[in-house]
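Have a look at the sequence and the model first.

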Amino acid sequence: KTAVRQPAPSTARLVALIPGVSTQPQADAPEGSLVTQLQRLREHIDYRNRVCEENWVEVDIYGRHAISGKVSLQSPELLRLRQDIAAGRITTTVVA
């Protein structure tokens, strides 16, 4: 888990990264690993900032590790995400 970054100015999109796998074999596969997913999510933020000239700031990571999609909305991490959205700490989500 990474440290929570300080919120950027109000013009910024405060971004939650949401990587996830539902099985251990998916986590072990190079193309679907959580490390690879985070890399791709961060590349998307970089693209939005450089090419689109937007201001996206990674705030936190909300992982879905070995959680079935059927129950992921009730996972502790996504419950925490919902609280952070309600509190205004997150304004944009990027999901792998």
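This is a predicted model: local features need pLDDT of at least 70, side-chain atom pairs count only at pLDDT 80 or more; totals for chains, interfaces and linings use all residues.

Q: In which helix is valine 35 found?

A: Valine 35 is found in helix H2, which covers residues 34-50. Helices here are DSSP runs of H or I with at least four residues, strands are runs of E with at least two, and both are numbered from the N terminus. Residues are numbered from 1 along each chain as its sequence is written, and side-chain values use heavy atoms, with hydrogens and water left out.

Q: Why is valine 35 called exposed?

A: Its relative accessible area is 65%. Exposed means over 50%, buried means under 20%, and partly exposed is in between (1.4 Å probe, protein chains only). So at 65%, valine 35 counts as exposed.

Q: How far from proline 19 is valine 35, in sequence and in space?

A: They are 16 residues apart in sequence, and 8.7 Å apart in space from C-alpha to C-alpha.

Q: What is the order of elements in the protein, from the N terminus on?

A: They run β-β-α-α-β-β-α-β. That's 3 helices and 5 strands.

Q: What makes up the largest nonpolar core?

A: The 10 residues are Ala12, Leu14, Ala16, Ile18, Val57, Val59, Tyr62, Leu78, Leu81 and Ile90. The elements giving two or more residues to this core are strand S1 (13-18), strand S3 (56-61) and helix H3 (76-86). S1 gives the most, with 3 residues. Another core of 8 residues lies apart from it, with Val15, Leu41, Ile45 and Trp56 among them. The label "nonpolar core" is for a set of buried Ala, Val, Leu, Ile, Met, Phe, Trp, Tyr and Cys residues joined through side-chain atoms within 4.5 Å.

Q: How do you know that the buried residues Leu78, Arg80, Leu81 and Asp84 of H3 are on the same side?

A: Leu78, Arg80, Leu81 and Asp84 are buried in H3. They cover an arc of only 150 degrees around the axis, which puts them on the same side of H3. The arc is taken from the directions from the helix axis to the C-beta atoms. On the other side of H3, Pro76, Gln83 and Ala86 are exposed.

Q: What is the phi of glycine 88, which follows H3?

A: The phi of glycine 88 is positive, near 85 degrees.

Q: Why does arginine 80 count as buried?

A: Its relative accessibility is 19%, and the cut-off is under 20%, so arginine 80 falls in the buried class.

Q: What does the side chain of arginine 80 reach at 3.0 Å?

A: It reaches the backbone oxygen of isoleucine 61. A polar contact is a pair of N or O atoms within 3.5 Å; within protein, one must be able to donate a hydrogen and the other to accept it, and residues adjacent in sequence count only if both atoms are side-chain atoms.

Q: What makes the meeting of aspartate 60 and arginine 80 a salt bridge?

A: Their side chains meet at 2.9 Å, N to O. A salt bridge is a side-chain nitrogen of Lys or Arg within 4 Å of a carboxyl oxygen of Asp or Glu, so this pair qualifies. Aspartate 60 lies in strand S3 and arginine 80 in helix H3, so the pair ties together parts that are 20 residues apart in sequence. Aspartate 60 is buried, with a relative accessible area of 3%. Salt bridges that share partners join Asp60, Glu77, Arg80, Asp84 and Arg89 into one network.

Q: How many salt bridges does the structure hold?

A: The structure holds 7. In one of them, the side chains of glutamate 58 and arginine 42 meet at 2.8 Å, N to O. Glutamate 58 lies in strand S3 and arginine 42 in helix H2, so the pair ties together parts that are 16 residues apart in sequence. Glutamate 58 is buried, with a relative accessible area of 7%, while arginine 42 is partly exposed at 32%.

Q: Which residue forms a salt bridge with aspartate 46?

A: Arginine 50 does, with the closest N and O atoms 2.7 Å apart. Both lie in helix H2, 4 residues apart, about one turn of the helix.
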